[in-house]
Amino acid sequence: MGLIVQKFGGTSVGSVERIRNAASRTAEELQNGNNVVVVVSAMGKTTDHLVDMANDISSAPSKREMDMLLTTGEQITIALFSMALAQNGIDAVSYTGWQAGIKTEPVHGNARIVDIDTDRIARDLESGKVVIVAGFQGVTDDGEITTLGRGGSDTTAVALAAALKADKCDIYTDVTGVFTTDPRYVKSARKLLSVSYDEMLELANLGAGVLHPRAVEFAKNYGLPLEVRSSMEKERGTIIEEENEMEQNLIVRGVAFEDQITRVSVLGVSTSLKGLSTIFTTLAQNHINVDIIVQSRTEAGLANISFSIKSNDLPEALDVLERNKEALNYQAVESETGLAKVSIVGSGMVSNPGVAAKMFEVLEGHGIQVKMVSTSEIKVSTVVDEKQMVNAVESLHEAFELYSEAVKTN
């Protein structure tokens, strides 16, 4: 008998009928002789509706109260899912994140899991129960309810699978696996049968919404096999694992993209090491994630520092910089919104020089201006105008021959 952790996203449990369908997938695993832990998200657009209501009441609701509000969404799903299993004669019990023993750091809105007490879940599994756990949430040592950030149910599922030493974690979603790019934007995108942890981590960090980056980190650290698969279609999904034996001929495995990117430029900064580190330390202490960083010298011997952030972080970033202007010792701050990040990812890039050059040639050939660049061994990211995002993605997908075989032969 094995242990399988299943995670069902919001679309997979978006209605009572879909909850019944998801519960049938759990029943199938039980019939295969496995113990099962299920992690669920809030139904459909429930979280968005809760956010809208909060914004209708307050222009700046506290992060603590937002956590109290948003965690109710998953609580609805776990109860209904447990009822659906019980209706089919399956013994099940539902737990919120804190009842399931998920401990987090004391950060509201984007907390990290620090420990999981699995005793309660283990006892239930030993007695033959299916355990349904609310994703996206946990509790601090002081008893404060926290959330893990959007997409945090993936992290809950993988963290639980690692803590319970599960044999596998299946991520059920509204797509049949991990694609070379988002098929909603590029019709020739095709499903990959296998992706390495490192490639998936880059794709997830760069905008591929199919998996939360922290979930991939957990899986890689614990060597836990993941499979991204459809909750509606009964077909093989995409395996995420350490070694990727399939499709080794692909230098670039996928094209990821993300809109609502803003470039912030801090002008007239001291070029001392302390001056540069203080800026990013200050932003990090205020939980503002900085991505691509570009530095240039001025004629006066100072530095201009540009970095990209998510557009919804701009007001807070500007406020932090303004409040710390004297300590940071800069002259001015400028920002440019309406940008997007487009990236190519592939472990084959390590041993194949010239991939970045080809990327820039393709973008230039389609009249797309590159505003910022960031590279690693297995990815190249560019910041472009948001209006040219889809054009950039389509052009790169075609240039690196990532299209499906059906499209390729027509």
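Mentor: Happy to; we'll start with the whole chain and then visit a few residues.

Trainee: Great. What kind of model is this, and how are residues numbered?
Mentor: This is a predicted model, in which local features need pLDDT of at least 70, side-chain atom pairs count only at pLDDT 80 or more, and totals for chains, interfaces and linings use all residues. Residues are numbered from 1 along each chain as its sequence is written, and side-chain values use heavy atoms, with hydrogens and water left out.

Trainee: How many helices and strands does the chain have?
Mentor: There are 13 helices and 18 strands. Both are DSSP runs numbered from the N terminus: helices are H or I with at least four residues, strands are E with at least two.

Trainee: And how compact is the chain?
Mentor: Its radius of gyration is 23 Å, close to the 22 Å that the globule rule gives for 410 residues, so the chain is as compact as a globular protein of that length. That radius is taken over C-alpha atoms, and the rule is 2.2 Å times the number of residues to the power 0.38. Along the principal axes, the C-alpha trace spans about 75 × 55 × 35 Å.

Trainee: What share of the residues is buried?
Mentor: Of the 410 residues, 50% count as buried. Buried means under 20% relative accessible area, exposed means over 50%, and partly exposed is in between (1.4 Å probe, protein chains only).

Trainee: What about contacts across the sequence?
Mentor: Taking contacts between residues at least 6 apart in sequence, 74% join residues at least 24 apart. A contact here means heavy atoms within 4.5 Å.

Trainee: Let's zoom in. Where is V133?
Mentor: V133 sits in strand β6, residues 130–134. Its relative accessible area is 0%, so V133 is buried.

Trainee: Which residues does V133 touch?
Mentor: Leaving aside neighbours within four places in sequence, the contacts of V133 include V37, V38, V39 and V40, along with I78, Y95 and I121. T156 and L160 are also among them.

Trainee: How far is V133 from Q260?
Mentor: They are 32 Å apart in space, C-alpha to C-alpha, and 127 residues apart in sequence.

Trainee: Which side chain does T147 pair with in a polar contact?
Mentor: That of D67, at 2.7 Å. A polar contact is a pair of N or O atoms within 3.5 Å; within protein, one must be able to donate a hydrogen and the other to accept it, and residues adjacent in sequence count only if both atoms are side-chain atoms. Beyond neighbours within four places in sequence, T147 is also in contact with residues including T71, V107 and F136.

Trainee: What is the phi of F136 like?
Mentor: It is near 80°, a positive value in a residue other than glycine. F136 lies in the loop between β6 and β7 (137–139), and at 5% relative accessibility F136 counts as buried.

Trainee: And K165, buried or exposed?
Mentor: K165 counts as exposed, at 70% relative accessibility. K165 is in the loop between α5 (152–163) and β9 (168–173), and its phi is positive, about 55°, although K165 is not a glycine.

Trainee: Last one: where is T47?
Mentor: T47 is in helix α2, residues 46–57. T47 is buried, with a relative accessible area of 10%, and leaving aside neighbours within four places in sequence, its contacts are A42, L70, E74 and R150.
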